[in-house]
Amino acid sequence: MKARACTVGAILLSVISCSGPAVALDITFDDVTSVGNPLVTALETHGYRFTAGAFRTIDAPGRRLVSDASAVYLGQVTAVPGLTLSRVDGLPFALYELAAAGLFATPPPGAPNAQQLSLLGLVPGGGLLNASYSLSLSGFTHVAAPPSWSNLQSVTFAGITSTGGPGALAVDDVGVGEGPVPSGTEPGTLLLGLATALGLGVMLLARSRRPDTRSRR
């Protein structure tokens, strides 16, 4: 009897856990095919899409570009309007963290490095979220997104100079996760799972109450 009860409990626990919190994913770009820092306008990896007017996948920083010992990272010389991140399937998602830096090891004339990272988040329904962070002058800076950034339709990373103009930006190690499941989907799935678990529990209890004819022979 106890074994049957534990079985039912395990089923219920698995159903509840399936509707639990977000799953984190670290997008390192190390899986991206890149040769010679090619110029692109869109990049898809692990179910997420990065878009911009133009940016590069940096696989050969050399001495000219910043390096973080990563196989590939994203770089944008003129970070306006920035790099925009969204899910390929269009569902909302959460942003947890990222690493960012000024793109150039030594900025060339007319292409200043970003000294600040600006985040602009778009939430379903048209709401906007804003955040900004100072960047290190010597390499990548780890940035933790605010806890409220958990229901995003898209987020744009932009590099800003100390004077407020656009700055060259490098982005790597973007931590994301699944956002809330759209209303109308999760409750139905949860109810179906609960009904299945309860039905199995009733069947097991019914079997446990049947007389054991073998003991009467």
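A salt bridge is a side-chain nitrogen of Lys or Arg within 4 Å of a carboxyl oxygen of Asp or Glu. The exercises below use a predicted model, in which local features need pLDDT of at least 70 and side-chain atom pairs count only at pLDDT 80 or more, while totals for chains, interfaces and linings use all residues. Residues are numbered from 1 along each chain as its sequence is written, and side-chain values use heavy atoms, with hydrogens and water left out.

**Exercise 1. Salt bridges**

Task: State how many salt bridges the rule gives, and describe them.

Solution: 
- Step 1. The rule gives 2 salt bridges.
- Step 2. R49 pairs with E44, and the closest N and O atoms are 2.8 Å apart.
- Step 3. R87 pairs with D89, and here the closest N and O atoms are 2.7 Å apart.
- Step 4. Burial is sorted by relative accessible area: buried is under 20%, exposed is over 50%, and partly exposed lies in between (1.4 Å probe, protein chains only).
- Step 5. R49 is partly exposed at 25%.

**Exercise 2. Positive phi**

Task: Locate N37 and A69 and classify each as buried or exposed.

Solution: 
- Step 1. Most residues other than glycine have a negative phi.
- Step 2. Phi of N37 is positive, near 55°. A69 also has a positive phi, about 65°.
- Step 3. Strands are DSSP runs (E, at least two residues), numbered from the N terminus. N37 sits in the loop between β1 (24-27) and β2 (39-45), and A69 in the loop between β3 (48-58) and β4 (73-76).
- Step 4. N37 has 13% relative accessibility, so it counts as buried. A69 has 78%, so it counts as exposed.

**Exercise 3. Strand β6**

Task: Describe the burial of β6 and its pairing with β11 and β9.

Solution: 
- Step 1. Strand β6 covers residues 93-102; 8 of its 10 residues are buried, so the strand is largely enclosed by the rest of the structure.
- Step 2. Two strands pair if DSSP finds at least two bridges between them.
- Step 3. β6 and β11 (residues 169-178) run antiparallel and are joined by 8 bridges. Within this pairing, A99 has D172 as its bridge partner.
- Step 4. β6 also pairs with β9 (residues 141-144), again in the antiparallel sense, over 4 bridges. There E97 stands opposite A144.
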